[in-house]
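I opened my notebook to go through one protein model. Here is what I looked up, entry by entry.

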Amino acid sequence: MAKKPAAKKASARAIPPRYSSYRPGDNDRRSEPEPEAPIELKPAGWRKIILRTFVILLAATIIFSVVIAAWDARNITSASRKMFGSGSLLELINPRPVKTDSYGRVNVLLVGYSIDDPGHPGSTLTDSIILLSMDGTKHSGFMLSIPRDLYVKIHGFGYGKINEAYKDGGMPLLARIVSQDFDTPIGYYALIDYAAVRQTVDALGGITVDIHSNDPRGLYDPNISKADGGPLKLSNGKHVIDGQTALNLTRARGDPCGCGLYAYGFGQSDFDRTQHQRQVFTAIKDKLNWKLILNPLKNGRILQAASDNIRTDIKADEIRTIFSTFNDIPSSKLESLSLRDLNGINYLASTHYSGDTLTPAAGLGDYSGIIAALNRMKQ
């Protein structure tokens, strides 16, 4: 019977079983797992990620824009209904041609009064009268302050100070007087409660004014009460002022207060006041650039200030054109004018027809010199 072949002896150098015990010093090493190869994204994968990211960002932008637009639309329609009698967005975004004079200029009479403060002396008188004349083609214009003490013929009431005309016949009568005496057809008017100044400036976060008083100390008027944030005191130079201070600046003229304190910096009294009114108006214009305002809350406050305190005969489908014309005029090309110093000439004379009054230097009712000076500026 054949013998079975003998089994081969195990090699002394055989690799230990996988789960055998391991002792330091053994010649054999544990096998380490090889690192996995990185997953490579195909070009098409990257494009999908970029596309999805873009879509998400675009959707977020659209949603944000829609929310702002909806909020602003609500604010705009509400304000439009109060100011223009119509809240139609179609009228606001589809403007119609506006009224212009023979020079192609848009003329707006801006009138301020203190109906917000019935206790204020002369609260029904129009102590701020500014003729705003704009050239939409040349992107230029001027603001002319008409003195409240100008002695004029008030149709149907005889002669009186021009600031009494509104009380006698409302804005149509006042606009008629300015149109005829200054030979400048008034296309529109805006009757502005002084509270609009305070609320608008606060909504804008303040405005910057540069005080240039003939007094080295600047401006001081003790007549402004503490309840109104007074007295008014501003040094010469630039200041960022809030709404109440801006309002006080448009009212102050340095009258004696009978309190033992004396004002300074108001050497021209009411002419200083009207100059400060134009200055505040320009400062608001500089800050009020709606192309840059993306905050619907701020927009809402500004629109509320306007709708609560401004009455105008401008129609809803005219306001966009008028505002765009105004907004497109650089402040450097919006001239600030006074009849006391119009191109270096004083066109006014002090008279005493009814207390302290003013008339054209050429004589009562003679506006020929003033008209000629303004017409040269319109060309």
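This is a predicted model: local features need pLDDT of at least 70, side-chain atom pairs count only at pLDDT 80 or more; totals for chains, interfaces and linings use all residues.

**A buried glutamine and its surroundings**

Residues are numbered from 1 along each chain as its sequence is written, and side-chain values use heavy atoms, with hydrogens and water left out.

Is Gln 277 buried or exposed? Gln 277 counts as buried because its relative accessibility is 6%; buried means under 20% relative accessible area, exposed over 50%, partly exposed in between (1.4 Å probe, protein chains only).

**Helix pair**

I found Gln 277 in helix α6; helices are DSSP runs (H or I, at least four residues), numbered from the N terminus. Helix α5 (residues 243-251) and helix α6 (residues 270-287) have axes that come within 7 Å and cross at roughly 145°. Axes are lines fitted to C-alpha atoms over the stretch in contact, and angles run from 0 to 180 degrees between N-to-C directions. From α5, I listed Ala 246, Leu 249, Thr 250 and Arg 251, which meet Arg 273, His 276, Gln 277 and Val 280 in α6.

**Core**

I then checked the largest nonpolar core, which has 36 residues. Such a core is a set of buried Ala, Val, Leu, Ile, Met, Phe, Trp, Tyr and Cys residues joined through side-chain atoms within 4.5 Å. Helix α3 gives this core its largest share, seven residues. A second, separate core of 23 residues includes Ala 246.

Terms used. Helices (H or I, at least four residues) and strands (E, at least two) are DSSP runs, numbered from the N terminus. Contact means heavy atoms within 4.5 Å.
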